[in-house]
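I opened this structure to look up its salt bridges. My notes follow in the order I made them.

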Amino acid sequence: MSTKGKRDFRPKIHFTPQKNWNNDPNGLLYLDGTWHLYYQHYPENAFWGPMHWGHAVSKDLLHWEHLPIALYPDEIGCIYSGSLVADKNNTTGFGTHHEKFGEEKKYPLVAMYTSHNMENHLESQSIAYSLDGGLHFEKYYGNPVIKNPGLRDFRDPKVFWNKKKDCWSMVMAAEDRCHIYASKNMKVWEKTGEFGPGVNKVPTVWECTDLFPVETEDGEKWVVLVSMIHPGTQGRANTQYFVGDFDGDTFRCTQPTEEPLWIDFGFDNYAGITYNNYDKPIFFGWGVNPKYANDVPTGEYAGMMTIAREMSLVKTEEGYRLRTVPFGIDALRAGTYPIASGASLLTESFGLKIKGNKGKVILENEVGQYVVIDVAEDSICVDRTHAGERNFSEDFCREEFSVSKTARLAKGDINMEILFDVSYLEVFADGGLEVASAAVYPDVPYRKVRLEGDLQAEMYLLK
């Protein structure tokens, strides 16, 4: 039973739509000092419906300017997830080249997205272009540019410039794997590879794949991200990653593992991808689990994004692992000050830097609600069983959505950062090797930080 609107749960520095529904981040593009965020959006109500592309921009990834809807459904279908690139060499021919007539030369921003037919569920890939910096888009008359090959699940294209072949490449989810394509002009595409079967240990439908390079001490490596809803877990959703090489045509996992590698062991980080046109992998995820996203008690809006996160690869005893840390909050960290156990919270949005051996960090309020981050020698656990309102969803109350635990890759002293923003908790443990995200809905704000064990804390404000 939904209890939307009981109190204001809107975060201060995490993106939320002005009103109504949002889910997957789309079209992430950094351009001329501006971060563009497009996102899955239903503008008619605060629950899932026919998808559009909403649009917002930011200079710091913390504070956002909301812009008009960028893409609307058409006769091919509604607008599912995809990506955006800056076609600076005008390979598509969508740009203008009329200097001799006194007109300014402009290169296009080109979006590639899934057209989803709501009647027969047919999914195909389409493109659209903008000549005004991403505000208005013109859809290509030749859509779809990739027709469905006979698959029910065939979506979420992530386009990037392929320096190995001097062309555009694209990775997309295709049932239980990803397909990789190449194109010189984004209008005609050739399939060049597949990845997944034989390496992936979670047999289920793939969504929102990404493929990007990361510099390491051993040279360039590539990472595949894939979001998936785990079979047999009542709908627990997360994003798996693979480390390997990309030869320009296809991806090969060079570090297979028996157990899946997850970017986040929490509950509420799904469908994330990285920014195009930036020199580091900067990631955004949808900060709600799809199992209960329609029911969250947030009132006039539903859905949000994680904090922006920088991704890198770190060599551990078990091989390369993804390290994920908050990005864009250095100015906020500059105001860090020490606090003791039992310190009062005068704000609903804050960061904590935790050091010590082992113990618990507990955020609590005066009505007996609390969330626990428990770090032991070999494991870390997030428990939101008593964190606040739960009866809006039977799924939210299940144990698999209440307590989550993972092994620590780094042993010894704790190096942990915690972000809490009104109703959203993010934990970055062991320098970002173990990350957890969790939405919580306390009836009244948390007003105390309690420390148990051998822990020391410093605080800074999120604003």
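**Salt bridges**

I began with R155, which counts as buried at 9% relative accessibility. The model is predicted, and I keep that in mind for each entry.

I looked for a partner of R155 and found that it forms a salt bridge with E123, the closest N and O atoms being 3.2 Å apart. R155 belongs to strand β9 (residues 154-162) and E123 to strand β7 (residues 123-130), so this pair ties together parts that are 32 residues apart in sequence. I then checked E123, and at 1% relative accessibility this residue also counts as buried.

Next I searched the whole structure, and the search gave 26 salt bridges. One of them joins the side chains of E348 and R7, at 2.6 Å from N to O. E348 sits in the loop between β23 (343-344) and β24 (349-364), and R7 in the segment before β1 (20-31), so the pair ties together parts that are 341 residues apart in sequence.

Are E348 and R7 buried or exposed? I found E348 partly exposed, with a relative accessible area of 22%. R7 has 15% relative accessibility and counts as buried, because the cut-off for buried is under 20%.

My last entry is R10, whose side chain meets that of E300 in a salt bridge of 3.1 Å, N to O. This pair links distant parts of the chain, 290 residues apart. R10 is in the segment before β1, and E300 is in the loop between β18 (282-286) and β19 (301-302).

Notes
Residues numbered from 1 in each chain as written. Predicted model: local features only at pLDDT ≥ 70, side-chain atom pairs only at ≥ 80, totals over all residues. Heavy atoms only, no water. Salt bridge = Lys/Arg side-chain N within 4 Å of Asp/Glu carboxyl O. Helix = DSSP H or I, 4+ residues; strand = E, 2+ residues; numbered from the N terminus. Buried < 20%, exposed > 50% of the residue type's maximum accessible area, 1.4 Å probe, protein only.
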